[in-house]
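Hi,

Here is the structure I promised to pass along.

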Amino acid sequence: MALNAAVIGLGVGRGHIAAYREAGAAVAAICDVNAELLEQVGEEEGVRRRYTDYRALADLDCIDVVSICTPDHLHADPAVAMLSSGKHVLVEKPLSTTFEDIERIVQTSRRTGRMVSHGCQIRFDETFQELKRQVEARAFGPLFYAEADYISNHLDLFREGWRGGLGSRYNAAAGGSIHPVDVIQWIVDSPAAEVAAYGNGISAGMHGLEVTDCVVGIIRFENGCVAKTFTTMGSARPGFRNVQIYGTRKTFLTSQAPPARLVADLQNRRWTPLEVADDGGDSRRKLIEDLLKAIENDTEPQVNLEQSVRTAAICVALFESVRSGKPVAVPRF
């Protein structure tokens with residue numbers, strides 16, 4: 001029997017509707033505070049149950065899993081409500097924007113036994129899956145350095161909508177570099193111990209916007225590996241997600257045009273393509289397929305609670321460090 005899903009937030013949430021259906025689930029309910037958008041999407045997607053208040057979903061016993069696709073800073077309350085009503089949740093990135101809200105989600109998940117997954121789907125790209133396999137097989141040797149950068153120009157997002165309303169409270173690391181940060185923390189396979197970060201709003205300020213759109217941080221992992229992360233949402237260049245992994249035997253980097261590349265070994269220091277099968281699959285669909293399989297089999301999804309928390313906590317700590325001007329310890333939850 002197909003699992004029943006619901007989606008809260010119909011911006012990016014429309015992509016979740018399509019992905020659930022492609023993964024074999026039924027979308028039984030949708031929710032958005034914008035009543036006009038709610039009716040439009042409901043009609044176009046053929047979803048009968050429509051709600052403007054997410055709390056109404058808590059009373060629906062037919063729902064197995066809920067995607068939380070509200071604005072970044074509004075993830076915790078609906079996540080806690082859905083978990084408390086016995087539903088599994090997929091929270092769009094970031095899991096939350098404060099340590100306090102991460103703690104609330106963690107404690108509710110543990111109390112209820114319901115699963116939490118996180119919208120960091122690019123790790124399902126076959127290139128990163130192969131990279132993870134090679135690192136686990138010790139082909140890279142011990143890892144000592146990594147990079148995770150999100151380079152873009154999305155200042156238009158701040159001219160209207162909820163991001164503009166947050167202004168200087170908007171966490172660009174949580175909204176941008178969280179995807180490559182998720183990849184490197186998963187591959188490094190160690191909790192982060194501490195971050196130190198600086199930022200500015202020079203690009204945004206040139207457009208009359210008050211937002212820290214540039215963040216540069218250093219991450220120290222508990223296993224000794226260190227990493228750099230850079231987010232810019234106001235660059236004058238094509239967008240690019242950079243992931244680099246440095247081991248004692250091999251190095252991986254994403255080139256600015258496909259394919260990604262590997263250095264073969266210490267003796268043959270030439271860049272060679274990383275050969276992977278291109279299945280053409282959508283990474284969000286793969287994320288949802290993985291979660292649905294875990295629910296059906298009562299196993300852990302790849303992006304489980306622990307993985308979700310590790311990634312989200314790094315991004316919260318980065319912004320806390322920018323605001324305080326001091327290193328910030330990354331808490332364990």
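Predicted model: local features only at pLDDT ≥ 70, side-chain atom pairs only at ≥ 80, totals over all residues.

Residues are numbered from 1 along each chain as its sequence is written, and side-chain values use heavy atoms, with hydrogens and water left out.

**Cores.** The largest nonpolar core has 67 residues, and Ile184, Phe221 and Ile245 have the most contacts inside it. By nonpolar core I mean buried Ala, Val, Leu, Ile, Met, Phe, Trp, Tyr and Cys residues joined through side-chain atoms within 4.5 Å; buried is under 20% relative accessible area, exposed is over 50%, and partly exposed is in between (1.4 Å probe, protein chains only). Helix α10 (residues 305–324) gives this core its largest share, 10 residues. There is also a second, separate core of 25 residues, with Ile17, Met115, Phe124 and Leu292 among them. Back in the largest one, Ile245 is in contact (heavy atoms within 4.5 Å) with residues including Leu131, Phe140, Ile184 and Phe252, leaving aside neighbours within four places in sequence.

**Helix α10.** Helices here are DSSP runs (H or I, at least four residues), as are strands (E, at least two), numbered from the N terminus. α10 is mostly covered, with 16 of its 20 residues buried. Just after the helix, Gly325 takes a positive phi of about 75°.

**Thr70.** Which loop holds Thr70? The one between β4 (65–68) and α3 (76–84). Thr70 is buried, at 18% relative accessible area, and its side chain reaches the backbone oxygen of Leu74 at 2.8 Å. Not counting residues up to four places away in sequence, Thr70 touches Ile8, His75 and Pro78.

Most residues other than glycine have a negative phi, and most peptide bonds are trans. Against that, Lys93 and Pro94 are joined by a cis peptide bond, with omega about -5°; Pro94 sits in the loop between β5 (88–91) and α4 (99–112). Asp189 has a positive phi near 60° and is exposed, at 51%. Asp298 also has a positive phi, about 55°, in the loop between α9 (283–297) and α10, and is exposed at 67%.

Cheers

Conventions. Polar contact = N/O pair within 3.5 Å; in protein donor to acceptor, adjacent residues only side chain to side chain.
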